[in-house]
Amino acid sequence: MNNQDIVDNAPEGATHWDIEYGFYWMMDRHSTQVFSALDNKFKEEKLSSDFLRSLADIKRIAELEKEQAIRDEALKPLL
């Protein structure tokens, strides 16, 4: 799954992506919840993961990748 796919498939409220297991997480100062695809909702979770990436960061990276692809395409005729 690429960065844009991760952003596009994120359930509402998700804040993080677990790169090891592919789970979406919703985290704030008060709770940690993991998204259950079976129930289609977030559930309270006591554990955490060492492999979390911020969805805000992933979204920005996906935007930059798209911009780079547009620039690369525009430069093709000049090469």
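**Group meeting: core, salt bridges and overall shape**

Okay, let me start out at the surface: Lys 76 has a relative accessibility of 53%, so it counts as exposed. Keep in mind that we're looking at a predicted model here. The side chain of Lys 76 meets that of Glu 73 in a salt bridge, at 3.5 Å from N to O.

How many salt bridges does a search of the whole structure find? Three. In general, side chains of opposite charge can pair when their charged atoms come close.

So, on to the others. Lys 43 pairs with Asp 39, and there the N to O distance is 2.2 Å.

Now let's go inside. Which residues make up the largest nonpolar core? There are eight: Ile 6, Ala 14, Trp 17, Tyr 24, Phe 35, Phe 42, Leu 55 and Ile 58. Let me pick out Ile 6. If you leave aside its neighbours within four places in sequence, Ile 6 is in contact with Met 1, Trp 17, Tyr 24, Leu 55 and Ile 58. Across the chain, buried residues make up 24% of the 79.

Zooming out to the whole chain: we've got two helices and five strands. Reading from the N terminus, the order is α-β-β-β-β-β-α.

And what about the overall dimensions? The C-alpha trace spans about 55 × 25 × 20 Å along its principal axes. The radius of gyration is 16 Å, whereas a compact globule of 79 residues would be near 12 Å.

Two last numbers for you. Take the contacts between residues at least 6 apart in sequence: 41% of those join residues at least 24 apart. And the accessible surface comes to about 6,100 Å², with 53% of it belonging to carbon and sulfur atoms.

That's what I had, thanks.

Technical notes:
Residues numbered from 1 in each chain as written. Predicted model: local features only at pLDDT ≥ 70, side-chain atom pairs only at ≥ 80, totals over all residues. Heavy atoms only, no water. Core = buried A, V, L, I, M, F, W, Y, C linked by side-chain atoms within 4.5 Å. Buried < 20%, exposed > 50% of the residue type's maximum accessible area, 1.4 Å probe, protein only. Contact = heavy atoms within 4.5 Å. Salt bridge = Lys/Arg side-chain N within 4 Å of Asp/Glu carboxyl O. Helix = DSSP H or I, 4+ residues; strand = E, 2+ residues; numbered from the N terminus. Rg over C-alpha atoms; globule rule 2.2 N^0.38 Å. Areas by Shrake-Rupley, 256 points an atom, 1.4 Å probe, with all protein chains shown as cover.
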